[in-house]
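User: I want to learn how to read features off a model. Can we go through one together, a feature at a time?

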Amino acid sequence: MEAAAEESTPVGRGAGSVSAEETEKWMEEAMQMAKEALENIEVPVGCLMVYNNEVVGKGRNEVNQTKNATRHAEMVAIDQALAWCRGRGRCPAEVFERAVLYVTVEPCVMCAAALRLMKIPLVVYGCQNERFGGCGSVLNIASADLPNTGRPFQCVPGYRAEEAVEMLKTFYKQENPNAPKSKVRKKECQKS
Ligand SMILES: [Zn+2]
């Protein structure tokens with residue numbers, strides 16, 4: 001689907017920034033999505049994609065419900081944002097490259113790669129994801145110099161990280177029917 005002749009652009013280019021008020025408002029909503037995931041026995045991660053001060057996509061983990069290991073909050077939000085674009089006759093490329101993604105946990109390696117490919121410039125997240133993180137914890141997909149692989153994006157970590165970690169701990173204390181038994185309790189997030 002992605003054309004071969006992508007050019008990659010340096011980090012920070014036109015990435016913009018978000019105010020403390022925006023961060024507070026949207027992360028609160030992302031936290032609510034994570035809580036909803038927890039209530040539905042999913043890994044509690046919630047996320048929001050905001051364009052022009054409007055939520056164009058939101059998601060939470062749906063992995064257990066769908067039995068699809070790729071249905072992370074970010075992937076769900078990307079699909080919703082694409083549907084939003086279709087519904088309004090908007091060009092997805094124009095919307096995505098001006099959007100901000102708010103997510104309660106550092107995007108994993110898969111999601112970080114997806115965010116690069118969709119050219120989302122800025123990601124605000126809560127806690128680190130020590131086991132799967134794609135924004136520096138395991139690999140740095142966000143800022144790596146990877147030719148023909150979308151565009152690097154800027155990360156703002158650490159917002160309400162402790163709450164995000166607490167939710168993860170709560171989840172991993174419960175029975176996760178789909179988690180490998182030996183690893184269930186190992187999940188750790190650190191505040192940056
Ligand atoms: Zn992910």
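User: How many residues does H3 have, and what span is expected for it?

Analyst: This is a predicted model. H3 has 16 residues. From its first C-alpha to its last, H3 reaches 23 Å. That is close to the 22 Å expected at 1.5 Å a residue.

User: Which residue follows H3?

Analyst: Gly 89 follows H3, and its phi is positive, near 65°.

User: Which residues of H3 are buried?

Analyst: Ala 73, Glu 74, Met 75, Val 76, Ala 77, Ile 78 and Ala 81 are buried in H3. Their cover includes H1, S1, S2, H4, S3 and H5.

User: H5 is on that list. How do I describe two packed helices?

Analyst: Two packed helices are described by the angle between their axes and the distance between the axes. Take H3 (residues 73-88) and H5 (residues 109-117). Their angle is about 25°, and their axes are 9 Å apart. H3 is therefore roughly parallel to H5. On the H3 side, the contact is made by Glu 74, Met 75 and Ile 78. On the H5 side, it is made by Cys 111, Ala 114 and Leu 115. By class, this contact of H3 with H5 has five nonpolar, no polar and one charged residues.

User: At what angle do H1 and H6 pack?

Analyst: H1 and H6 pack at about 5°, with their axes 10 Å apart. So H1 is roughly parallel to H6. H1 brings Met 31, Ala 34 and Leu 38 to the contact. H6 brings Glu 163, Ala 164, Met 167, Thr 170 and Phe 171. The residues of the contact of H1 with H6 divide into six nonpolar, one polar and one charged.

User: Now the core. How many residues does the largest nonpolar core have?

Analyst: The largest nonpolar core has 54 residues. Those with the most contacts inside it are Ala 30, Cys 47, Ala 99, Leu 101, Tyr 102, Val 103 and Val 123. Helices H1 (20-39), H3, H4 (92-96), H5 and H6 (161-173) each give two or more residues to this core. Strands S1, S3 (100-105) and S4 (122-127) do as well.

User: Which element gives the most to this core?

Analyst: H1 does, with eight residues.

User: What does Val 103 touch?

Analyst: Leave out residues up to four places away in sequence. Val 103 then touches Ala 30, Val 45, Cys 47, Ala 73, Glu 74, Val 123 and Tyr 125.

User: How far apart in sequence and in space are Gln 65 and Glu 42?

Analyst: Gln 65 and Glu 42 are 23 residues apart in sequence and 7.7 Å apart in space, C-alpha to C-alpha. Gln 65 lies in H2. Beyond its neighbours within four places in sequence, Gln 65 is in contact with Asn 40 and Glu 42. With 13 C-beta neighbours inside 10 Å, Gln 65 is partly exposed.

User: How far in space is Ala 161 from Gly 126?

Analyst: Ala 161 and Gly 126 are 4.3 Å apart, C-alpha to C-alpha, and 35 residues apart in sequence. Ala 161 is in H6. Ala 161 is buried, with 20 other C-beta atoms within 10 Å.

User: Last, the whole protein chain. Which pattern does it follow?

Analyst: Along the sequence it reads α-β-β-α-α-α-β-α-β-β-α. There are six helices and five strands in the protein chain. Buried residues make up 42% of its 192 residues. Take contacts between residues at least 6 apart in sequence: 60% of them join residues at least 24 apart.

How values were computed
Residues numbered from 1 in each chain as written. Predicted model: local features only at pLDDT ≥ 70, side-chain atom pairs only at ≥ 80, totals over all residues. Axes fitted to C-alpha atoms, helices over the stretch in contact; angles between N-to-C directions. Helix = DSSP H or I, 4+ residues; strand = E, 2+ residues; numbered from the N terminus. Parallel < 35°, antiparallel > 145°, perpendicular 65-115°, else oblique. Contact = placed C-beta atoms within 7 Å. Nonpolar A, V, L, I, M, F, W, Y, C, P; charged D, E, K, R; others polar. Core = buried A, V, L, I, M, F, W, Y, C linked by C-beta atoms within 7 Å. Buried ≥ 20, exposed ≤ 12 C-beta atoms within 10 Å, placed from the backbone. Expected span 1.5 Å × (residues − 1).
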